[in-house]
Number of protein chains: 2
Amino acid sequence: MNYADLPTPCLVVDEAVLDDNVTRMAGLARDRGLLLRPHAKTHKSPELARRQLAAGAVGLTVATLSEALVFADAGVDDLFVAYPVWVDRHRADLLRALLDRGARLTIGCDSAESGALLARHAPGVDVLVEVDSGHRRSGLPPAEAGTVARDLVRLGLGVRGVFTFPGHSYAPGARQQAARDEAAALATAAASLNTQGIRCDVVSGGSTPSLEYADSGVVTELRPGVYVFGDAQQWELGACEPGQVALTCLATVVGVRPGFVVLDGGSKALGADRAPWATGAGRLLDHPDARLVQLSEHHAVVAWSDREPPPVRGDRLRVVPNHVCNAVNLADELVVVRGEEVVAFWPVAARGANT
Amino acid sequence: MNYADLPTPCLVVDEAVLDDNVTRMAGLARDRGLLLRPHAKTHKSPELARRQLAAGAVGLTVATLSEALVFADAGVDDLFVAYPVWVDRHRADLLRALLDRGARLTIGCDSAESGALLARHAPGVDVLVEVDSGHRRSGLPPAEAGTVARDLVRLGLGVRGVFTFPGHSYAPGARQQAARDEAAALATAAASLNTQGIRCDVVSGGSTPSLEYADSGVVTELRPGVYVFGDAQQWELGACEPGQVALTCLATVVGVRPGFVVLDGGSKALGADRAPWATGAGRLLDHPDARLVQLSEHHAVVAWSDREPPPVRGDRLRVVPNHVCNAVNLADELVVVRGEEVVAFWPVAARGANT
């Protein structure tokens with residue numbers, strides 16, 4: 001199949017740009033003496049995981065047990081579930097299936113209550129204690145990590161260290177401060193474990209926007225996800241260049257009127273993410289002045305700069321989703337291209353694996 | 001399977017509320033002498049389509065040719081694709097497959113260019129001319145409908161009338177004015193066709209928020225989608241009552257801290273829709289004072305009112321997505337319940353059918 005024959009909208013991965021991103025991040029971690037454990041929730045693809053591991057990643061991060069199972073079945077043997085997993089009946093089945101696969105498994109935990117369920121259904125499993133470094137989502141206040149860790153050790157769990165997600169890096173000008181907050185929170189949490197006589201071998205952090213500033217005197221491991229593809233959020237935060245965007249949604253112009261162009265890629269292909277600071281609902285890779293000003297399920301209305309001639313109906317444009325993780329989770333497969341040649345279709349094997 | 005054993009997050013449909021919604025809308029259309037052609041992009045489910053048709057709908061509306069094909073294969077024999085379809089090579093194959101099914105097919109069109117492609121690949125197919133009634137998405141200025149319709153007739157297409165989507169009804173206090181705009185635009189468009197000597201048998205409008213105010217002196221057909229389930233947007237716009245919300249995302253409490261609760265249903269289960277006027281990223285059906293203040297892919301942070309005691313980890317809450325169409329498009333199936341008894345799983349058969 002030729003690029004021109006692809007149905008639109010569809011998600012297209014530029015293999016050369018992708019491989020550059022994978023290699024560059026592996027090099028950055030290596031240069032700083034940090035372990036790299038990429039977050040696979042972004043790509044949900046065993047083929048992409050294989051490339052990350054081949055480039056030097058020590059294992060994968062995932063968000064859910066069902067996602068972990070997809071990658072365990074694909075042969076990934078070291079998985080960290082970076083989530084405060086609550087083991088109900090269904091998740092107990094997933095945990096058992098995962099342990100049966102024999103993968104090395106580490107689970108996030110931020111309370112003795114969830115630890116007790118982990119200890120019942122996966123006795124002795126390794127855990128990292130989650131702390132909040134400023135994102136105000138999940139995770140303990142850092143100074144409380146040691147007390148909870150002590151409870152988890154008493155439950156027989158293998159406490160190996162601490163982790164955080166400095167998600168407040170997702171705002172203009174916030175990247176460096178988020179990295180500082182991350183380092184401070186993780187240092188406090190690690191000391192809090194030590195106070196309880198618990199070793200802290202793993203100190204895990206890292207979001208794609210903050211990672212450039214991660215403090216390698218504190219952090220031992222990075223868990224970026226989005227870096228493999230980049231997206232409009234990273235572009236607008238200055239965490240990637242347009243030339244580093246490896247995934248776009250190919251969309252067809254279905255309407256034109258003065259100042260505006262309508263595309264067939266809407267929120268069911270791109271995701272509806274639009275942070276308050278985003279300049280639109282997505283960007284066009286080859287037309288940086290254009291903005292997706294309105295997004296419906298199957299329409300994107302693009303404000304077209306009068307500095308360049310508008311496209312015509314039937315033209316195909318490359319849309320950069322605001323948040324690539326949610327775009328990928330809408331697709332059954334990724335189309336992989338070298339230049340304009342379609343070279344592969346990668347299944348989004350863990351699509352919808354939310355449990 | 002019992003309700004308590006469902007994996008979370010998952011989308012749950014309350015069958016009794018759903019059937020009430022289907023029946024009520026059918027009655028509203030009948031009472032006003034209007035035809036009802038529900039938009040199936042909301043539910044993407046043949047079983048739900050069957051119920052809408054049994055209640056008196058004349059056919060279905062869909063957004064894409066691939067969605068049309070799913071419903072044609074499920075036996076629906078009257079389908080309107082409410083979209084300015086651009087027939088490229090892939091869509092030509094879809095069109096041919098649809099015509100082979102023998103369903104009565106009508107396609108949206110807002111230009112002679114897209115009409116020429118329709119005429120080449122589906123000679124003589126019925127079309128409705130799309131006009132813009134204020135949403136500023138696709139569609140012609142209403143007064144230009146006749147000129148384009150004349151071109152389409154010359155191409156041999158079966159011009160049957162006009163349609164619009166008054167999507168600017170999705171804003172606080174905008175419902176009634178949007179319905180007025182809809183009526184004005186459709187009346188102008190219909191007159192514009194008549195001026196060219198073209199009959200206008202179908203005058204199609206109707207969004208869920210504006211529909212209550214639709215002008216039955218102008219409109220002949222309504223195309224609401226969201227009404228079957230309701231969602232937080234409709235709730236906040238006053239277009240449905242909480243008791244009319246038929247679909248919720250069942251989510252588990254995985255974290256609690258003073259004033260906040262963390263759920264395992266994030267944007268990969270709910271969708272990331274958040275209109276500027278929305279009070280949050282979703283609502284809780286049984287706790288109307290609570291607000292989803294922060295949404296990640298697998299976390300929802302809920303601000304909990306101090307007027308009621310907070311839940312504990314492991315509790316399950318019913319989340320109302322902001323925009324149900326995008327939530328449904330993330331799921332492979334809908335869990336159907338009567339009370340707390342699980343009675344069916346309906347496949348989201350047209351999930352991801354974006355082409």
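Visitor: What makes β4 and β5 of chain B paired strands?
Guide: DSSP must find at least two bridges between two strands. Strand β4 (residues 78–84) and strand β5 (residues 104–109) of chain B are joined by 5 bridges, so they pair. They run parallel. In one of these bridges, Phe80(B) has Thr106(B) in β5(B) as its partner. Strands here are DSSP runs (E, at least two residues), and helices are runs too (H or I, at least four), numbered from the N terminus.

Guide: A word on the source. This is a predicted model, where local features need pLDDT of at least 70, side-chain atom pairs count only at pLDDT 80 or more, and totals for chains, interfaces and linings use all residues. Residues are numbered from 1 along each chain as its sequence is written, chains are lettered from A and ligands numbered from 1 in written order, and side-chain values use heavy atoms, without hydrogens and water.

Visitor: Why are β2 and β3 of chain B called edge strands?
Guide: The open sheet has 8 strands, in the order β2-β9-β8-β7-β6-β5-β4-β3 (chain B). β2 (35–36) and β3 (60–62) of chain B each pair on one side only.

Visitor: What makes Asp110(B) and Arg313(A) a salt bridge?
Guide: The rule asks for a side-chain nitrogen of Lys or Arg within 4 Å of a carboxyl oxygen of Asp or Glu. Here N to O is 3.7 Å, so the pair qualifies. Across the interface of chain A and chain B, the rule finds 14 salt bridges.

Visitor: How many residues does each chain give to the contact?
Guide: Chain A gives 52 and chain B gives 52. Contact means heavy atoms within 4.5 Å.
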